[in-house]
Amino acid sequence: SMVHSKQTLFYYFLLSLILGSGLHFLYTLIPSPFTAVIAPISESVWEHTKIIYFPYLLLALLYNRRHSPSTIGSFLLALPVMCFSMLTIGSIYHIVLDFHALWFDLLLFFLVMAFGFWFPAHCSIPSHTPLWYLGITLTILLGILIFVFTFFPPAPLLFQDLSSVNR
């Protein structure tokens, strides 16, 4: 039933918050090329897409395999929207406005992840439709960019380590 799946989605949402939070510290604890790909290697806004992308993608695939295969399109369309929202709002907050408050980052992370599990429960994307392909394409493209930019970050502010900024 939808009630059961909403409850299940809520548990997956909580798990995504735990995994994303843990991932934030993974590279610091275990620095390696592998952990560099899946965990933030600096305090840049871009690097923080990883704490959304990987936990969410993992849990979306797990949820779809175990509970509802037909919802993968909604999850994969939500993921690029989540990362783009986090990058846009994070950039405005940290770079344009030059504000740095941990509570803001935590709230943004919470709200972006909440959207990711709310959207599939309320919006169905049928298989092999333009939006379905768009979600898959953008998710794959984002994964490639995350991989490439981990080792070859471009110059713009989005990729600058903000940990040196006075907090």
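The model is predicted, and every value below is computed from it. Helix α4 (residues 72-96) and helix α5 (residues 102-122) pack at an angle of about 160°, and the residues of their contact include 16 that are nonpolar.

**The α4 and α5 pair**

- Two packed helices are described by the angle between their axes and the distance between the axes.
- For α4 and α5 the axes lie 9 Å apart and the angle is about 160°, which makes α4 roughly antiparallel to α5, since angles over 145 degrees count as such.
- The crossing of these two helices, α4 and α5, is right-handed.
- On the α4 side the contact is made by Ser74, Phe75, Leu77, Ala78, Val81, Met82, Met86, Ile89, Gly90, Tyr93 and His94, while the α5 side contributes Phe104, Asp105, Leu108, Val112, Met113, Phe115, Gly116, Phe117, Phe119 and Pro120.

**Helix α3**

- Helix α3 (residues 50-66) consists of 17 residues and spans 24 Å from its first C-alpha to its last, which is close to the 24 Å expected at 1.5 Å a residue.
- The buried residues of α3 are Lys50, Ile51, Ile52, Tyr53, Pro55, Tyr56, Leu57, Leu59, Ala60, Tyr63 and Asn64.

**Positive phi in the loops**

- Asp98, which lies in the loop between α4 and α5, has a positive phi of about 60° although it is not a glycine.
- His128, in the loop between α5 and α6 (130-151), likewise has a positive phi, near 60°, and is a residue other than glycine.
- With a relative accessible area of 55%, His128 is classed as exposed, because the cut-off for that class is over 50%.

- Once neighbours within four places in sequence are left aside, Thr35 is in contact with Leu26, Tyr27 and Ile30.

Terms used. Residues are numbered from 1 along each chain as its sequence is written. This is a predicted model: local features need pLDDT of at least 70, side-chain atom pairs count only at pLDDT 80 or more; totals for chains, interfaces and linings use all residues. Side-chain values use heavy atoms; hydrogens and water are left out. Axes are lines fitted to C-alpha atoms, for helices over the stretch in contact, and angles run from 0 to 180 degrees between N-to-C directions. Helices (H or I, at least four residues) and strands (E, at least two) are DSSP runs, numbered from the N terminus. Angles under 35 degrees count as roughly parallel, over 145 as roughly antiparallel, 65 to 115 as roughly perpendicular and the rest as oblique. A crossing is left-handed if the near helix is turned anticlockwise from the far one by less than a right angle, and right-handed if clockwise. Contact means heavy atoms within 4.5 Å. Ala, Val, Leu, Ile, Met, Phe, Trp, Tyr, Cys and Pro count as nonpolar, Asp, Glu, Lys and Arg as charged, and the others, Gly among them, as polar. The expected span of a helix is 1.5 Å times one less than its number of residues. Buried means under 20% relative accessible area, exposed over 50%, partly exposed in between (1.4 Å probe, protein chains only).
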